[in-house]
Amino acid sequence: MAIHFLSLFPLLLLLLPNILFLPTSAIDFVFNGFDSSDLILFANTTLESNILSLTNASAFKVGRALYKSKIQTKTPNSSHVLPFYSSFIFSIAPYKDELPGHGFVFIFTPSASIEGASSSQHLGLFNGTNNGNSNNHVFGIEFDVFENPEFNDINNNHVGVDVNSLASITAHPAGFWPENGDFNEVKLNDGVNYQVWVDYVNSQLNVSMARAGMKRPERNLISVNLDLADVLFDEMFVGFCAATGRLVQSHRILAWSFSNSNSSVSEALITSNLPSFVPPKDSVFRSTGFIVGIILSGIFVISCGTGIYVFLDRRKKWLKRKREEMEDWELEYWPHRITYQEIHSATKGFSDATVIGFGGNGKVYKGVMVGGVEVAVKRISHETEQGIREFLAEVSSLGRLQHRSLVGMRGWCKRDKGSLILVYDYMENGSLDKRIFECEESVMLSWEERVRVLKDVAAGILYLHEGWESRVLHRDVKASNVLLDKDMNGRLGDFGLARMHGHGQAANTTRVVGTVGYMAPEVIRSGRASAQTDVFGFGILILEVVCGRRPIEDGKVPLVDWVWRLMEKGELLSAFDVRLKAKGGFDDDEVERVIHLGLLCAYPDPLVRPTMRQVVKLLEGTYIAYESEGEGMEVCLLDKTKSTAMWSKYRRSSRHGGHPTFDQVKESLSSSMSLSGSDIISEGR
């Protein structure tokens with residue numbers, strides 16, 4: 001008997017680690033379709049026909065879904081991470097006439113909440129502040145369709161392993177290795193259903209994927225040794241998150257299995273007869289009429305082919321000569337033209353390493369001209385009507401304006417093959433929004449700096465309205481369009497929506513343009529801009545700079561309405577940015593005066609708003625009117641906002657054309673134009 005036991009002793013030693021680290025609370029689940037009782041849903045996530053939809057066609061939204069309870073991921077009182085085996089089937093599909101983005105993540109997270117998660121490139125997982133923080137204790141597998149230099153993404157169609165950061169520790173183009181074949185790259189957002197397998201055993205992470213219905217590839221897409229002992233807690237939530245930005249697409253999970261003991265749990269997933277989300281193709285090419293037409297057209301084309309070839313060849317040469325000729329507007333603004341070779345050299349051949357931002361119609365690069373002068377170079381697509389309008393608006397307005405509170409334009413360039421380029425003074429400290437929203441305290445502007453920037457911008461708008469030969473309407477005053485130079489002076493930029501008209505004349509505009517949250521109510525109703533619509537945008541700018549809040553945020557009362565309610569309660573200082581309030585060093589009366597000015601500028605009735613000249617005087621603390629009959633006018637204007645009559649009038653105005661939401665903008669445009677065809681810009685990236 002002793003001899004028999006001794007013969008089994010080596011086998012016992014071999015099995016001892018597995019016995020010691022068996023999960024004390026094993027978990028297995030298989031969802032071939034979902035029910036609301038299975039998951040915890042957040043934000044934009046919904047269940048549609050038992051399919052988990054993390055996002056829809058809404059822009060700048062996040063979605064998250066987690067298993068209903070925490071699962072054990074480590075042996076209690078031990079650093080040993082338990083194995084897990086998970087598989088899921090997903091589909092990412094674009095929407096018609098929309099640019100697709102951004103992606104989703106399979107995550108382990110310690111918290112059942114979306115606090116600290118942003119949309120767009122942050123995939124609903126982190127934000128600009130907490131990304132890369134080791135205290136996140138988050139592990140994920142990302143499926144990303146947007147190449148973001150900020151996170152060193154390898155391309156715009158990849159799978160990556162994320163640990164506390166969206167800068168993946170390893171990544172690979174999406175696809176799989178078929179048996180005895182070369183790598184088969186797939187497009188993540190083509191609407192096809194894909195199955196993913198994620199296994200973690202003894203610090204070895206394996207990730208593979210294939211089209212739903214195929215067996216698991218023998219060769220993994222990603223295989224990496226990864227110790228998660230310092231990342232995972234004893235218990236974690238597991239699930240999915242996703243986000244949209246200006247780019248939108250659907251993110252769906254059709255099925256999901258998970259186990260920390262059964263490596264074959266994925267075999268229980270149903271992978272056949274699943275719904276298809278592949279966008280439909282135009283079936284006209286397979287119709288009988290099309291085929292007959294092709295045959296008849298082919299006979300005609302063959303007989304006329306030689307003549308058409310000669311015609312097209314001559315036309316191509318003629319178009320090339322025309323492109324090389326000067327256009328009328330080029331002659332008018334010739335003194336500011338810069339050669340393409342100079343700009344190409346300054347930006348190192350438009351290298352991605354010199355990219356400092358993204359605009360609605362192209363990228364913005366940092367360049368160094370001959371002599372060491374730093375510039376910002378904006379490259380605009382010539383292929384779209386909006387791109388051409390933006391280019392001409394900037395050249396015709398900013399190209400001839402000179403003021404210390406406006407971003408200076410150094411020149412422009414038009415190159416063959418549809419490339420339009422604008423060159424500006426380089427602003428060393430970036431845009432204002434990066435120093436008041438979601439920023440580190442080390443870069444956050446102080447109260448004195450914020451007031452100085454507001455004075456700078458007000459002076460710039462006053463120059464646009466009254467200081468030049470024509471009146472210039474900016475039409476897009478907001479924090480992201482205010483840039484800060486090396487001395488932290490504020491300068492108004494981005495004149496892509498600007499329009500000019502003679503003094504004493506009304507602007508000839510009927511298009512609804514601007515940024516949601518900054519557009520005056522009368523613009524939504526009529527599309528007609530005026531100096532008072534710029535005053536409205538400046539009022540919103542004042543409030544977001546003082547309060548440290550964007551004008552529209554998910555789940556929150558719009559900024560203007562929120563501040564009005566606080567004023568009605570006599571709690572106006574509660575609107576002041578809590579980070580500045582904690583630092584001190586401000587005057588209560590000055591803060592209230594500036595907030596009152598912001599409310600007055602953003603009043604729904606344009607006749608109540610002050611002029612920019614009055615705004616500048618109020619910011620400078622000057623209360624003497626220019627004409628005797630108007631003495632004390634500015635003080636009266638501010639006192640108006642404190643009166644009960646003004647509150648009552650504000651509430652009535654808000655019910656009838658007050659501050660519009662994005663949905664109201666869409667509704668107002670639906671009867672006359674499509675939203676995609678307008679110039680409306682959603683806030684953010």
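Visitor: Why is Lys378 called buried?

Guide: Buried means under 20% relative accessible area, while exposed means over 50% and partly exposed lies in between (1.4 Å probe, protein chains only). Lys378 has a relative accessible area of 10%, so Lys378 counts as buried. Keep in mind that this is a predicted model, where local features need pLDDT of at least 70, side-chain atom pairs count only at pLDDT 80 or more, and totals for chains, interfaces and linings use all residues. Residues are numbered from 1 along each chain as its sequence is written, and side-chain values use heavy atoms, with hydrogens and water left out.

Visitor: What marks Lys378 in UniProt?

Guide: An unreviewed UniProt entry places the feature "binding site" at Lys378. Such annotations may be inferred rather than shown by experiment. Lys378 is found in strand β21 (residues 374-381). Here helices (H or I, at least four residues) and strands (E, at least two) are DSSP runs, numbered from the N terminus.

Visitor: What makes β22 largely enclosed?

Guide: In strand β22 (residues 409-415), 5 of the 7 residues are buried, so the rest of the structure largely encloses this strand.

Visitor: How do you know that β22 pairs with β23?

Guide: Two strands pair if DSSP finds at least two bridges between them. There are 6 bridges joining β22 to β23 (residues 419-425), and the two strands run antiparallel. For Cys413, the bridge partner in β23 is Ile421.

Visitor: Why is helix α12 described as largely enclosed?

Guide: Of the 8 residues in α12 (residues 612-619), 7 are buried, so the rest of the structure largely encloses the helix. Among the buried ones are Met612, Lys617 and Leu619.
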